Amino acid sequence: MIVFAIATVSSRKVLRAVMYLLFVLIGISGIYFLIDYSFLGAIQIVVYGGGVVVLFIFSVLLIHHVELELEVTPLKKKISAGILSAVGLGITLWAILTYPFKTANSYQSIEVEEIGRKLLSYEDGGYILPFEVISILLLAVMIGAIVIAKGKKLGLKEGEIENRE
Amino acid sequence: MTKSIHDWLFSILPEGIASITEMVLIAVAYLALFAIAGLYLVLLERKVAAWFQLRLGPNRVGPFGIFQTMADALKLVSKELTSTDRVDKFLYNLAPYFVIVTALLAMTIFPFSKQLQAFDINIGMFFLLAISSIGVIGILVGGWASNNKYALIGAMRSGLQTISYELSVGLSILTMVLLTGSLQLSEIIEIQRTGGWLIWQGHIPAIIAFMIFMIAGTAETNRAPFDLVEAESELGAGFHTEYSGMKFAYFFLAEFINMFIIASIAVVLFFGGWLSPFGITEGITWFPEVFWFFIKVLLIIFLMMWFRWTFPRLRVDQLLTLEWKYLLPINLVNIVFMAIVIWLNWIL
């Protein structure tokens with residue numbers, strides 16, 4: 001996965017970079033499956049694999065040609081990006097290593113039904129508020145996309161394709 | 001049978017090696033099923049086509065031509081893998097495997113009978129949708145990497161079509177999941193043991209959902225009348241114009257396997273999976289339940305072939321109109337209808 005992540009940013013062909021990114025995302029979903037979070041794993045595949053990456057590929061398909069290559073990034077930028085990501089890795093590792101993890105005694109895999117009930121419950125620990133907020137945000141995004149895509153003439157289809165995000 | 005093999009393996013081998021051997025055995029069994037199903041569906045398609053057009057169809061290789069597709073496969077294996085100089089090599093070679101691996105992954109979760117299921121995951125249906133949503137990437141990438149305008153147009157159309165119709169497939173499955181209350185495939189089938197098949201239990205909304213599912217499923221597999229992706233008269237062969245030999249065969253096989261998958265989903269969701277009609281073989285313990293599963297799948301596949309040789313191809317704008325202006329609204333209303341049916345307990 002790390003190899004593919006590095007390949008994503010260093011590849012000079014756009015679509016190859018997208019494919020490497022896809023491998024990274026599928027790898028992450030594989031980790032979810034390994035720790036028995038199969039719902040989250042499937043969500044990861046649907047949203048990132050089926051949604052985001054397909055949209056990326058579409059935009060690449062529309063604007064790029066096979067033989068086109070990106071320009072080489074100057075060394076200075078490479079070094080600064082490297083330092084930044086090293087710092088980020090350091091902070092994350094520090095946070096993980098110093099956190100006192102406890103081993104869970106009773107463990108059972110989570111059912112989809114439970115997730116659904118939690119999402120819509122308005123009692124303590126329910127997630128109805130974030131759920132509604134996200135729905136409104138998505139609605140706003142959809143309307144925005146439709147307005148932008150519509151432009152002068154009626155072209156509803158582009159906006160509607162966004163819906164499935 | 002699977003249980004006895006399992007016990008036997010664990011008795012002669014240490015635990016670690018035994019489980020790995022078991023995994024390998026299952027994988028090999030699935031690959032064999034994959035190959036056989038693919039090959040014989042091709043033959044079936046040709047036979048059905050011939051029957052619909054009052055021809056004989058393949059009849060030279062073996063009795064009634066049953067070895068015809070075997071011979072074709074041998075030919076494809078031995079063929080040279082050509083490619084043009086100016087393709088993006090890495091992506092060009094990756095694309096067919098992408099398509100076939102996703103098809104194979106989707107196949108693992110089907111319960112062919114009560115004992116015969118490789119991967120009984122509790123989000124079964126959702127997992128299926130997730131896997132099928134990344135299958136299209138192989139087509140898109142293959143079309144783009146071929147560096148050919150027909151392939152590119154084919155790939156674009158494929159993306160457009162799959163993204164649109166995925167929505168209908170997902171929503172019609174969701175309608176049925178409302179009724180079952182479970183995403184796990186084995187559980188969905190268990191529900192149908194008492195109270196009849198889901199298409200009977202859910203009556204009107206279930207029948208509407210089934211029709212939408214069949215239309216959208218046919219479109220999902222890029223088959224006629226939705227085969228704009230590889231419309232021979234306009235695009236050569238669409239996204240796989242530049243492929244030859246085994247790489248072409250992968251695309252070809254994946255198409256037939258996807259048809260098998262769509263039919264299997266329909267059988268599990270609407271027609272009771274491996275349950276026998278009216279429970280006629282319920283008491284007979286030796287009767288292989290796999291038989292019913294495959295009979296039903298073959299009937300649905302025959303229906304899809306019937307579509308193919310009956311309807312003419314749609315235009316792109318007609319395709320999109322059908323999805324966005326008819327199927328999607330009907331589907332949304334249907335979900336609400338199904339919810340009302342369940343709420344008022346009108347289930348048969």
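Buried residues make up 45% of the 348 residues in chain B, where buried means that 20 or more other C-beta atoms, placed from the backbone, lie within 10 Å of the residue's own. In chain A, 12% of the 165 residues count as buried. The model is a predicted one, in which local features need pLDDT of at least 70, side-chain atom pairs count only at pLDDT 80 or more, and totals for chains, interfaces and linings use all residues. Residues are numbered from 1 along each chain as its sequence is written, and chains are lettered from A in the order in which they are written.

The predictor gives the complex an ipTM of 0.77 and a pTM of 0.83. For chain B the mean pLDDT is 82, and 96% of the residues reach 70 or more; pLDDT is the predictor's confidence in each residue, from 0 to 100. Where pLDDT is low, the predicted coordinates should not be read in detail.

Chain B comes to 13 helices and 0 strands, these being DSSP runs numbered from the N terminus, with at least four residues of H or I for a helix and at least two of E for a strand. The radius of gyration of chain B is 21 Å, close to the 20 Å from the globule rule for 348 residues, so chain B is as compact as a globular protein of that length. That radius is taken over C-alpha atoms, and the rule is 2.2 Å times the number of residues to the power 0.38. Along the principal axes, the C-alpha atoms of chain B fill a box of roughly 60 × 60 × 45 Å. Of the contacts in chain B between residues at least 6 apart in sequence, 78% join residues at least 24 apart; a contact requires C-beta atoms, placed from the backbone, within 7 Å.

Contact between them takes 15 residues from domain 1 and 18 residues from domain 2. On the domain 1 side, α2 (15–52) and α3 (68–78) each supply at least two residues, and α2(B) gives the most, with 11 residues. By class, this side has 12 nonpolar, 2 polar and 1 charged residues. Ala, Val, Leu, Ile, Met, Phe, Trp, Tyr, Cys and Pro count as nonpolar, Asp, Glu, Lys and Arg as charged, and the others, Gly among them, as polar.

The largest nonpolar core has 106 residues. Such a core is a set of buried Ala, Val, Leu, Ile, Met, Phe, Trp, Tyr and Cys residues joined through C-beta atoms within 7 Å. Helix α11 (residues 245–270) of chain B gives the most to this core, with 19 residues. The residues with the most contacts inside the core are I137(B), V141(B), A263(B) and A266(B). Leaving aside neighbours within four places in sequence, A266(B) is in contact with F213(B), M214(B), F271(B) and I300(B).

Chain A has 7 helices and 0 strands. In this chain, residues 24 or more positions apart account for 36% of the contacts with a separation of 6 or more.

The contact between the chains takes 31 residues from chain B and 25 residues from chain A. On the chain B side, α4 (89–107), α5 (124–145), α6 (149–180) and α13 (316–343) each supply at least two residues. The largest share of that side, 12 residues, comes from α5(B). Its residues divide into 25 nonpolar, 4 polar and 2 charged.

Definitions and conventions. Contact = placed C-beta atoms within 7 Å.
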